[in-house]
Amino acid sequence: MNTRYGTVLTGALTALAGLLLWRFAGGVDLPVITPSRAGVVLMVLGAAEALFGAVRAVGGPERRRPR
Amino acid sequence: MIVALIIACEVGFWVLLAAGLGFRYLLRMPRTGLALLLCEPVLEVVLLVVTAWDLKNGAEPDWTHGLAALYIGYTVGHGHRTVKWLDGHAAHRLDGRPLVRAPRYGPARARHETKVWLGTLTAAAVATALLQAAIWYVDDPSRVTSLESWQYTAWRAAGIHGLIALTYWLWPRKTPKDGEGSAKDAGSGAERERVGR
């Protein structure tokens, strides 16, 4: 898959996972993280990543990374 | 083989945990229960040794070795906290003791979340060190790409957790005015809450 569309997809899936955590895991108690708060952060990060991928997708040809 | 071993270690973790807590609170044999709980780290040592042995025997380094490193990192960073948390819930449900909870509101909660994040940093550092040791051990840049990507994954997870902890400083949870929160914080024991498993 094209890297830019891969970024959009990864961001969208991250945001969806965040939405599910925020919406459905509100009362769950865990030792390391609070799922609802983690869900909000994942939604923001996923949306930002998807937006970044979308901007790159419409912003011209992909630059090859030097190896 | 490594995936099977990780699954075996995970199953072993819960079996030892259930047995340890069962001996402690159901059979009233706290010393035996504690001994079983103290066996938990042995599982991680077994996983570490077998992973190293697998690489030594010429196995191609792949995501399973990376996952093993992250699993061990989690246990170092959060294993004690996880067992203590489960022990507290078992004592509450099986022994009727009050549930001791972490602070829920304000700066006290933010400090708690920062401490938990330090555990995640420890986990990421341990996983990175183990993966770097594997990279040096393999000593072939063309074969270690997946191990390097797991190092990135570990720090990405630590970064996301850091942002979550930061939100507690930026937008702290406010104490409810009716005093409901303080009653729960004190661990009245009456509250039967949903517990993630």
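Quick word on naming before anything else: when I say a helix, I mean a DSSP run of H or I with at least four residues, numbered from the N terminus. So α5(B) is a helix label of that kind, and α5(B) is the one that gives the largest share of the lining of the second largest pocket, seven residues. I'll come back to that pocket. Also, keep in mind that this is a predicted model.

Let's start with where the two chains meet. On the chain B side, 24 residues are in contact with 14 residues of chain A. Together the chains bury about 1500 Å², and 58% of that is on carbon and sulfur atoms.

What about salt bridges across the interface of chain B and chain A? The rule finds one there. The partners are B:R156 and A:E49, whose side chains come together at 3.5 Å, N to O. Over all chains, the count of salt bridges is five. B:R156 sits in helix α6 of chain B and A:E49 in helix α2 of chain A, so this pair joins two chains. As for polar contacts, there are six residue pairs between chain B and chain A, both residues at pLDDT 80 or more.

Which elements of chain B make up the side that touches chain A? α4 (63-95), α5 (106-138) and α6 (145-170) each put in at least two residues. α6(B) gives the most, with seven residues. By class, that side of chain B has nine nonpolar, seven polar and eight charged residues.

The largest pocket holds about 1100 Å³ of space. It's lined by 43 residues, and the closest to its centre are A:L30, A:P31, A:V32, B:Y74 and B:T82. On the helix side, α2 (35-58) of chain A and α1 (2-26), α4, α5 and α6 of chain B each supply at least two lining residues. α4(B) brings the largest share, 14 residues. The lining of the largest pocket counts 29 nonpolar, ten polar and four charged residues.

Now back to the second largest pocket, with a volume of about 860 Å³. Here 34 residues form the lining, and A:D29, B:W85, B:R101, B:A102 and B:H112 are nearest the centre. The elements giving two or more residues to this lining are α2 of chain A plus α4 and α5 of chain B.

How does the lining of the second largest pocket divide by class? You get 13 nonpolar, eight polar and 13 charged residues.

That's what I had, so over to you for questions.

Note on methods
Residues numbered from 1 in each chain as written. Chains lettered and ligands numbered in written order. Predicted model: local features only at pLDDT ≥ 70, side-chain atom pairs only at ≥ 80, totals over all residues. Heavy atoms only, no water. Contact = heavy atoms within 4.5 Å. Buried area = accessible area lost by both parts, 1.4 Å probe. Salt bridge = Lys/Arg side-chain N within 4 Å of Asp/Glu carboxyl O. Polar contact = N/O pair within 3.5 Å; in protein donor to acceptor, adjacent residues only side chain to side chain. Nonpolar A, V, L, I, M, F, W, Y, C, P; charged D, E, K, R; others polar. 1 Å grid on protein atoms, 1.4 Å probe; cavity = no way out; pocket = protein on both sides within 12 Å on 5 of 7 lines; lining within 4 Å. Points joined across faces, edges and corners; volume = space filled by probe spheres on them.
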